[in-house]
Every structure is written in C-alpha cells, then in structure tokens.
Amino acid sequence: MTYLRDAAALARKDLLLELRGRETVPAMVLFVVAVFVAFRFALPQEQEAAAQGLLWVAIVLTALLGLIRAFVPEREQGVLDALVLAPCDRSAIWLGKALAVLAFLLVAEAAAVPLFGLFFTEVTAATVGAILLANVGLCAVGTLLAAMAVAGRAREVLLPLLFLPLSIPVVIGGVGATVSADPARYLGFLALYDAIFAILAWATFEYVVTE
Amino acid sequence: MLGVGFGLALLWVGELEGFAAGGIFFLHVPIALTAYAMLGWGAWKALRLLWTGEERYDLESYTAIHIGVIFALLTLVTGSIWARAEWLVWWDWRDRQLVAFLILFLFYSAYFMLRYSLEPGSGRMRISAVYALFGAVLIPMSFLAVRLADQFLHRTPLIRRGTPDIEGSVLAVFGVCLAGMLALAAAMYAVELAGKRLDLRLREAHA
Amino acid sequence: MIRARGLSKRYGPKRVIQGLDLDVPAGGFVVVTGPNGSGKTTLLRLVAGLVAPSAGELDVAAHRARIGFLAHEPLVYRELSALQNLDLYGRLYRIPERRERIGMLLERFGLWESRREPVASLSRGLQQRLALCRTLLHDPELLLLDEPFNALDAEGAELLDGELAGLRGRTFLVATHDPGRLAQLATGALALA
C-alpha cells in the first residue's frame with residue numbers, strides 16, 4: 001500500500017507546514033466566525049430556515065479560503081516539479097493535499113458548527129452528516145481546481161470562479177439535508193456527488209500537473 | 001457546404017412552421033438541446049485529447065465549447081422570453097431547466113477565464129480538457145441537484161412548461177427544427193474551427 | 001541512455017526547441033551550453049519527463065525513480081527544515097535506511113549543523129547544497145543538472161567537484177554557462193542556438 005503511504009507522507013508535510021506557519025487554519029476559523037456575525041445582521045428578523053442556508057454558504061467560502069492557499073508553497077517554489085518527478089503516483093499528490101485541506105476544514109468546522117448552534121439555531125444530526133459528506137466532495141474537487149488555478153495568472157481570482165459553480169450541487173444537497181423532512185435523499189445525493197467527482201479528480205489529476 | 005445550406009434551409013422552414021404551431025417552444029428547446037450537444041461534443045474531444053495527446057483536439061474541444069456556451073446563453077435568453085410570455089416574469093427559479101442551465105453557463109464561462117489565465121502550450125490543453133470533462137459530469141449532476149432543490153425551495157407546486165399537444169405532425173416539425181438548429185451549430189463550429197486553425201498557422205509561420 | 005530524434009517543443013506559436021538530435025550513452029557526460037532562452041532548461045525538463053515533446057522522438061532509458069533533477073530553484077519547502085525536506089523526499093523515493101542516508105548526505109555537504117533550521121533562513125549557497133542533497137538522495141543513475149554551480153561558494157563548488165568525480169560512471173546531462181569547469185569530465189557537448 002505504498003500509494004497510501006505516499007499520500008500520507010504528503011499530507012503530513014502539509015500539516016507540518018501549517019503547524020510551522022499557522023496561517024491557514026486560524027484564518028479560516030476567524031473568517032467563519034466573522035461571516036456568522038455578518039449574517040446575523042444580514043437577517044433582519046429571526047429566520048431559522050434562512051440561517052440554515054447561510055451556514056452552507058459559510059462552509060463553502062471557508063473551504064474556498066483553505067483551497068486558495070492549498071498549492072501555494074508548491075507553486076511558489078516550483079516544488080511541484082520535484083513531486084511530479086518522484087516515483088509515486090501523481091494522484092497521490094492530489095490525495096495527500098485533499099486530505100490536508102479536509103483536515104483544516106474539519107478544524108474550522110469544529111469551531112464553527114457549535115458557534116452556529118449558539119448564534120442561530122440548533123444543529124441536527126442530519127446537518128452534521130451532510131457537512132461531513134460535503135467536506136469530502138468540496139475538498140476532492142477543490143484540490144484539483146486549486147492545482148489548475150495555481151498554474152496560471154490571477155490565481156486568487158480564478159479559483160473562486162472555478163470552484164463556486166461546482167459547489168452549487170453541494171450547497172443544494174447540504175441545505176436539503178438540513179431543512180427537509182427527508183434528509184436521507186439529500187445525503188444520498190451528496191454521497192453520489194462525492195463518489196463521482198472524487199473518482200474523476202483522482203483519475204484526471206495526473207493531466208493537470210504534467211504538460 | 002451543401003449540407004450546411006440544406007440544414008439551414010431546413011431550419012428556416014422548421015422555424016416558420018414551428019412558430020405557427022406552438023411558438024417559442026420550437027426555438028427554445030432545440031437551442032437547449034443543441035447547447036447540450038455541443039458541450040458534450042467538446043467534452044468528447046477533450047477526452048480524445050487526453051487519450052491520444054494529439055493537439056488538434058484542443059482547438060476542436062475549445063471551439064465546440066465556445067459554440068455550446070453561445071447556445072447556452074441563447075437558451076437562457078429564449079427561456080426568459082418564453083417565461084415572460086407565459087407567466088409574465090422574466091425569471092422563475094421554479095424553471096428547472098433554466099436554473100440548471102444557469103449553473104452550467106457559470107461553469108463554462110469560467111472555462112474561458114481558465115484558458116485566458118494559462119500560457120499557450122500542452123499544459124493549457126490538458127487543463128482545459130480536464131475541466132471540460134468535469135463539465136460533462138456536471139450536466140447531469142446539476143439537473144439532479146436542481147430537481148432535488150425544488151422540493152425544499154418552493155412551497156408552490158411545480159410548473160411545467162406549456163408544451164403544444166404532441167401529435168405526429170407537430171413532432172415532425174419539432175424534429176425538423178432540432179435538425180436545423182444542430183445544422184446551424186455544426187456550421188458555426190466548422191467555420192470557427194477553420195478560422196482558428198488558420199489563425200494558429202499564421203502565428204506559427206510568423207514566430 | 002538518452003536518444004532524441006527531431007525533438008521539438010513549442011508553447012503555442014513559440015518554438016523553444018526545434019528538430020534536435022541527441023545521443024547520450026550510459027555513462028556519458030554531456031555538457032549543454034547556449035545563451036539564455038535557448039532551451040537548455042526545457043531540454044532537461046523534456047528528458048526528465050516533466051513535459052512531453054510537441055514533435056519528434058525522445059527515449060530515456062531510465063525510470064523517473066532513477067533520475068536526479070537539479071533545477072534553477074532548490075525545489076524544497078522553505079518553511080520546513082533541511083531534515084524535514086529530505087525526509088519527505090526519502091519517503092517518496094522509498095529509500096532504504098532513510099535516516100542514515102540523509103544524515104550522511106547532510107554531513108557530506110556541510111549541512112548537518114543547520115539541519116533543523118527552516119530552509120528560508122539558510123543562505124542561497126547552502127540552499128543549493130541542499131538541492132544537491134535532494135538530487136542525489138535516491139542514488140540516481142541519470143543526473144540532469146541545470147547550472148549546478150550557481151550560487152555555490154568556493155567550498156560548495158569544491159564539494160560538488162568531488163561529488164561529480166565520485167559519481168563517475170553515471171550518466172550526466174548538465175546545462176551550464178561555464179563549460180570549462182566540466183571539461184575534464186565531459187565526454188560530449190551540445191550547443192543550443
């Protein structure tokens with residue numbers, strides 16, 4: 001299972017970088033809290049359903065924040081070339097990076113979700129399940145798109161444009177699971193999204209990082 | 001060229017009859033289907049590029065997606081006009097097809113932003129191709145998503161687009177319109193592709 | 001080891017390499033010279049397999065696990081230490097007895113003292129030495145070096161001279177502005193326009 005070991009080594013590297021630099025995760029946590037406060041004022045009256053929806057907007061934007069930073073060390077120092085040259089499968093680079101971003105997102109959500117329950121309204125088990133499923137899809141797709149964006153100019157502007165349309169189905173699945181009386185079908189949809197897009201990202205990552 | 005001429009003639013006749021029969025339905029739906037066809041064609045060419053590495057597929061994929069986006073925009077416009085005509089609103093979120101098209105339009109617009117931000121070369125070709133493949137998967141996914149969204153987004157029951165009674169002759173007219181629209185798209189594709197190829201050759205000769 | 005026939009690479013309309021023929025036998029040491037922008041770096045990247053040719057044939061008889069690539073940039077994570085960087089590459093290249101090998105290389109290149117400091121705090125010369133460690137870590141049989149003497153101080157250059165002599169028998173393709181330095185080792189030369 002050297003494939004998983006390679007991905008683990010790469011993910012470990014990203015976690016080490018974050019522990020040394022401490023830039024991304026604190027920014028994500030602060031961001032999501034700030035977004036909640038802004039939402040509180042954006043909703044003039046108590047509107048529980050609207051608040052549930054805004055939770056998902058917050059999650060997508062926080063994920064985006066984490067993703068914008070995702071390949072920066074690799075691209076800035078050209079290290080991506082060295083990783084691509086290594087004998088490991090190129091998709092292991094994707095997997096390692098996606099796992100690291102997922103870890104950052106989970107940390108940010110661990111702070112955000114209880115806060116959401118405090119500021120707005122109770123968070124159900126279905127919502128938590130949806131968040132976990134959505135994380136997988138967002139990180140799988142987002143990591144691949146981040147690698148694309150970082151290859152070009154204006155990468156900070158480009159990644160949101162690439163990421164947001166693809167995140168709309170996730171928002172739909174998530175909000176549906178949160179507000180509907182039958183969350184199972186939305187959770188199922190999220191699982192489908194995850195499976196299909198994760199496989200696609202895994203299969204095509206090689207072509208994104210080689211020329 | 002003869003085929004193109006014939007196709008366009010078909011389109012013209014079809015549209016005239018179509019309008020007489022049921023109005024903008026005969027314009028909007030063929031445009032929508034053509035948009036799907038071109039975007040799917042672009043994804044197919046992208047797959048061929050990744051599979052074989054032959055560079056010509058890049059221009060073919062790009063051109064197909066370009067035409068597809070034009071038709072997608074037309075879908076949104078004609079759909080909006082139709083909505084206005086039938087329900088007196090320019091936009092209705094209950095219209096599943098249009099909402100799904102909007103998502104796709106956003107996605108494929110970003111395709112061009114992606115291309116413009118990359119230097120020409122094999123890297124840009126591959127990345128564009130991968131993105132096009134994601135688009136192909138997004139098409140059914142966004143439809144499914146919008147369908148699911150209906151259930152919690154709106155309390156009022158779903159509205160179906162008013163379609164003319166489907167009889168044999170009307171179906172035939174619709175078929176003609178569809179064929180004509182596809183012919184138009186194919187013509188645009190051929191012309192644009194030829195133009196881009198010429199442009200590329202000129203630039204290479206100069207460099 | 002390396003065989004190219006009519007190798008071409010272009011980026012859109014820009015032709016970087018045009019119709020290149022090349023033969024590097026196993027154990028050969030070929031020095032590549034040429035002005036800036038003549039395609040030296042692109043050639044190395046083609047041989048390394050980082051980019052695919054636009055036209056022509058290119059055969060490289062070494063799997064990428066056996067290729068060592070030294071680029072213009074050191075290709076290390078600046079916020080991590082030398083030790084952490086080499087440990088990562090050691091894992092990815094599946095080096096047996098990783099710790100010993102890393103320790104040996106760090107000592108040989110005079111980086112042992114600063115092995116735990118973040119790379120960003122090292123001088124450019126030391127960073128280049130670390131890059132050399134990275135390149136040699138997995139004991140490659142084909143070495144692609146892009147201006148290896150760049151940024152090295154006198155001591156570093158001496159270390160590198162020693163290394164290159166010690167690695168006789170491996171195959172080398174070296175891009176440089178200073179071919180005289182390598183004249184002793186070179187078995188062939190390629191001048192790009």
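**A walk through a predicted three-chain model**

A:Arg5 lies in helix α1 of chain A. Along the sequence, 83 residues separate A:Arg5 from A:Cys88, yet the C-alpha atoms of the two are 9.7 Å apart in space.

Chain A contributes 21 residues to its contact with chain C, and chain C contributes 22. On the chain A side, two elements give two or more residues each, namely α1 (2-21) and α5 (79-85). The largest share of that side, 8 residues, comes from α1(A). In terms of class, the chain A side of this contact divides into 11 nonpolar, 5 polar and 5 charged residues.

Further along chain A is helix α8, which covers residues 155-179.

Attention now turns to chain B. This chain has 6 helices and 0 strands, and its pattern along the sequence reads α-α-α-α-α-α. Chain B has 207 residues, of which 41% count as buried. Among the contacts in chain B with a separation of 6 or more, 78% join residues 24 or more positions apart.

One helix pair within chain B can be described in detail. Two packed helices are described by the angle between their axes and the distance between the axes. For helix α3 (residues 56-87) of chain B and α4(B), the angle is about 145° and the axes are 10 Å apart. The crossing of α3(B) and α4(B) is left-handed. On the α3(B) side, the residues that meet α4(B) include B:Ile65, B:Gly68, B:Val69, B:Ala72 and B:Leu73. Their counterparts in α4(B) include B:Leu98, B:Phe101, B:Leu102, B:Phe105 and B:Tyr108. By class, the contact of α3(B) with α4(B) has 12 nonpolar, 5 polar and no charged residues.

Helix α4(B) also faces another chain. In the contact between chains A and B, 29 residues of chain B touch 29 residues of chain A. On the chain B side, α4 (96-117) and α5 (122-153) each supply at least two residues. Helix α5(B) provides the largest share of that side, with 19 residues. The classes on the chain B side are 22 nonpolar, 6 polar and 1 charged.

A single residue illustrates this region. B:Ile103 lies in helix α4 of chain B. Is B:Ile103 buried or exposed? With 22 C-beta neighbours inside 10 Å, B:Ile103 counts as buried. Neighbours within four places in sequence aside, B:Ile103 is in contact with A:Pro165, A:Ile168 and B:Ser142. B:Ile103 and B:Leu138 are 35 residues apart along the chain, and their C-alpha atoms are separated by 9.0 Å.

Most residues other than glycine have a negative phi. C:Leu75, although it is not a glycine, has a positive phi of about 60°. This residue is placed in the loop between β5 (67-70) and α2 (82-92) of chain C. C:Leu75 is buried, with 23 other C-beta atoms within 10 Å.

A second case is C:Glu147, which is not a glycine and has a positive phi of about 50°. C:Glu147 is placed in the loop between β6 (142-146) and α5 (154-166) of chain C. With 18 C-beta neighbours inside 10 Å, C:Glu147 counts as partly exposed, whereas C:Leu75 is buried.

Terms used. Residues numbered from 1 in each chain as written. Chains lettered and ligands numbered in written order. Predicted model: local features only at pLDDT ≥ 70, side-chain atom pairs only at ≥ 80, totals over all residues. Contact = placed C-beta atoms within 7 Å. Helix = DSSP H or I, 4+ residues; strand = E, 2+ residues; numbered from the N terminus. Nonpolar A, V, L, I, M, F, W, Y, C, P; charged D, E, K, R; others polar. Expected span 1.5 Å × (residues − 1). Axes fitted to C-alpha atoms, helices over the stretch in contact; angles between N-to-C directions. Left-handed = near helix turned anticlockwise from the far one by under 90°. Buried ≥ 20, exposed ≤ 12 C-beta atoms within 10 Å, placed from the backbone.
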